[in-house]
Amino acid sequence: MSIKQLSVFVENKAGKLKEITDIIASADIDIRAMSIADTKEFGILRVIVNDIDRAKQVLEDDGLVLSVTDVLGIRLEDRPGGLASIMGTLSEIGVNIEYMYAFLTRTENAYLVVRVADAETTGQALEAKGIMLLTDEDIRNM
């Protein structure tokens with residue numbers, strides 16, 4: 001039910017993000033979604049890619065510090081109120097969102113990446129309410 005996300009520690013310095021994206025591109029890996037949060041000294045780059053194992057390997061081979069996290073990939077209608085509906089469902093089932101970011105594809109859908117404390121239980125509750133979740137296979141095939 002969950003999908004894998006890479007969280008990469010990035011020094012907050014000109015050119016560091018380019019280096020990381022160059023490594024990913026050189027390995028012929030597609031970034032499907034990304035988010036970066038920063039402080040004065042460092043940032044955390046969060047990415048969803050089409051080949052998580054290969055991305056992890058090439059980034060670690062380059063000496064980067066990273067982790068793999070289970071997150072939920074939620075499919076929602078790309079229309080006014082689509083996000084509000086998902087937020088209502090998460091609120092209804094009592095889920096606290098640690099962070100989230102969204103992305104679009106060439107379809108009528110939008111996608112939301114959500115980090116919660118218990119992805120498995122939350123995923124089951126969302127699916128029980130008819131909400132479509134992405135799988136790692138879906139990400140590979142996008």
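A residue is called buried when its relative accessible area is under 20% and exposed when that area is over 50%, with partly exposed in between (1.4 Å probe, protein chains only). The structure is a predicted model, in which local features need pLDDT of at least 70 and side-chain atom pairs count only at pLDDT 80 or more, while totals for chains, interfaces and linings use all residues. Residues are numbered from 1 along each chain as its sequence is written, and side-chain values use heavy atoms, with hydrogens and water left out.

Helices (H or I, at least four residues) and strands (E, at least two) are DSSP runs, numbered from the N terminus. Helix α2 spans residues 52-61, and its buried residues are Ile52, Ala55, Val58 and Leu59. These residues lie on the same side of α2, because they cover an arc of only 135° around the axis; the arc is that of the directions from the helix axis to the C-beta atoms. On the face turned away from this buried side, α2 carries the exposed residues Asp53 and Asp61. The buried residues of α2 pack against β1 (3-11), α1, β3 and β4 (66-77), where contact means heavy atoms within 4.5 Å. Just after α2 comes Gly63, which takes a positive phi of about 85°.

Gly130, which follows α4, has a positive phi near 85°.

A nonpolar core is a set of buried Ala, Val, Leu, Ile, Met, Phe, Trp, Tyr and Cys residues joined through side-chain atoms within 4.5 Å. The largest such core has 16 residues, of which Leu6, Val8, Ile20, Ile29 and Leu59 touch the most other members. Two or more residues are given to this core by each of β1, α1, β3 and α2, and the largest share, four residues, comes from α2. Apart from this core lies another, of 14 residues, which includes Leu72, Ile74, Ala119 and Ile131. When neighbours within four places in sequence are left aside, the contacts of Val8 include Ile20, Ile44, Leu59 and Leu66.

Strands β2 (residues 31-38) and β3 (residues 42-49) pair in the antiparallel sense over seven bridges; two strands pair if DSSP finds at least two bridges between them. The two strands form a hairpin with three residues between them, and Ala33 has Ile48 in β3 as its bridge partner. Ser35 is also found in strand β2. In the loop between α1 (16-26) and β2 lies Asp28, an exposed residue with a relative accessible area of 67%. The phi of Asp28 is near 60°, a positive value in a residue other than glycine.

Rings of Phe, Tyr and Trp (its six-membered ring) pair if their centres lie within 6.5 Å; planes under 30 degrees apart count as stacked, over 60 as edge-to-face and the rest as tilted. By this rule there are two aromatic pairs. Phe103 and Tyr111 form a stacked pair, at 5.2 Å centre to centre with 20° between the planes, and both residues are buried.
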